[in-house]
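Welcome, and thanks for taking a look at this one with us. Here is a short briefing to read beside the sequence and the coordinates.

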Amino acid sequence: MAKRVVKSLAGALVVLLLVTFIAFGLSYLSPTDAAVHAFNEMGIAPTEAQLAAKRAELGLDQPLLVQYGTWVAGLLQGNWGESYRTGAPVASLLFAALPYTLALAATSMALTLVVAVPTGLLCARYRGSAFDRLMQAVTYFFNAMPSFFIALLLLYGLAVRLRWFNVMATRDFAGILMPTLALALPLSAWFSRQVRAGALEQLAQPYVDGLRARGIGEGRILWVHVLRNLGVPLLTLIGVSFGMLLGGSAIVESIFNWPGLGFASVEAVGARDYPFLAAYAMVMAVLYLLVNALVDASYRLVDPRVRGGKGARHA
């Protein structure tokens, strides 16, 4: 167990270094840098001497590897750097925005499960029926619609036309509802199709025929036995989906002005805020690794084969 933990931690460290270095390096591919942007924000046309002085002040005159090494060294000492955009500590900006992103991801995931799991199971139960065909058409439609386009439709329909919500999201339940719908609708479409496919596979298994032969009702077979045997695939889908929600909500947060990490990262990209972007990539990677670790640990709670070892089988 100790060797496994050490190996996992070493792998996680390598992932974090690669992710942050790539984020740090990609930031420098822009034709302009933070020094140019700072003068542009002030409406000043800088001279070469002013640009050189500003770059020296920000440390941008050093080679990329030196800048990255300096950032990592500061990180190990608890110093995440200061934002080029605001001058505030990067850590305070990140941890102020993190709860909003976690709340949005959690509500989107909860809504997805509430909608997609029953829909997928019912489509499998009534395969080929009018309900199944209707849901297949609906899920095809929402699968083809990116979240940002759904966000724009919701904004126009619910906020501009019907005026049920504010155009700019408030920091309460009403404010999080439209971003949640924008993320959950396409995810629910994909999720329900995966649940349907998994349920159909389970319904074709011999144990289902045995349950029917014993007089077990179709409802109990579906909602107890099939759903229980879908536990591990569902956990895998939840882990992948939650990671997608954490890292893929930037445009939706920007559309609704939801003050999460995605919204802050979009602003940081525009300002060439390299310290914030590198720290943002690190936090996203850590969250994704934690979610996957929790999912792996949860397998032991829902699958006897994991608890019992490689040779165990379902009863």
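This is a predicted model: local features need pLDDT of at least 70, side-chain atom pairs count only at pLDDT 80 or more; totals for chains, interfaces and linings use all residues.

Helices (H or I, at least four residues) and strands (E, at least two) are taken as DSSP runs and numbered from the N terminus. Residues are numbered from 1 along each chain as its sequence is written, and side-chain values use heavy atoms, with hydrogens and water left out.

**Overall picture**

- The protein has 15 helices and zero strands.
- Its C-alpha trace spans about 85 × 60 × 30 Å along the principal axes.
- Of the 315 residues, 40% count as buried, where buried means under 20% relative accessible area, exposed over 50%, and partly exposed in between (1.4 Å probe, protein chains only).
- Contact means heavy atoms within 4.5 Å; among contacts between residues at least 6 apart in sequence, 71% join residues at least 24 apart.

**The nonpolar core**

- A nonpolar core is a set of buried Ala, Val, Leu, Ile, Met, Phe, Trp, Tyr and Cys residues joined through side-chain atoms within 4.5 Å.
- The largest such core holds 69 residues, and Leu-94 and Phe-256 touch the most other members.
- Helix α14 supplies the largest share of this core, with 13 residues.
- Beyond its neighbours within four places in sequence, Leu-94 is in contact with Trp-80, Leu-261, Phe-276, Ala-279, Tyr-280 and Val-283.

- In helix α2 (residues 34–41), the buried residues are Ala-34, Ala-35, Val-36, His-37 and Phe-39.
- Those residues pack against α3 (48–58), α13 (261–270) and α14 (274–302).
- Helix α10 (residues 218–229) has 12 residues and should span 16 Å at 1.5 Å a residue, which agrees with the 15 Å between its end C-alpha atoms; the expected span is 1.5 Å times one less than the number of residues.
- The buried residues of α10 are Ile-221, Leu-222, His-225, Val-226 and Asn-229.
- They cover an arc of only 130° around the axis, so they sit on the same side of α10; the arc is that of the directions from the helix axis to the C-beta atoms.
- Among the elements covering them are α5 (90–125), α8 (173–203), α9 (206–213) and α11 (231–248).

**The largest pocket**

- On a 1 Å grid over the protein atoms alone, a pocket is an open set of points where a 1.4 Å probe fits, with protein on both sides within 12 Å along at least five of seven lines, and lining residues have an atom within 4 Å of a point.
- The largest pocket has a volume of about 520 Å³, a volume being the space filled by probe spheres set on the points, which are joined across faces, edges and corners.
- Its lining has 15 residues, with Ser-8, Leu-289, Asn-292, Ala-293 and Asp-296 nearest the centre.
- Helices α1 (2–27) and α14 are the elements that give two or more residues to this lining, and α14 gives the most, with eight.

**Arginines and backbone angles**

- Arg-300 counts as partly exposed, at 33% relative accessibility.
- The C-alpha atoms of Arg-300 and Val-232 are 9.2 Å apart, although 68 residues separate them along the chain.
- Most residues other than glycine have a negative phi.
- Arg-163, in the loop between α7 (147–161) and α8, has a positive phi near 60° and counts as exposed at 70% relative accessibility.
- Arg-272, in the loop between α13 and α14, has a positive phi near 55°.
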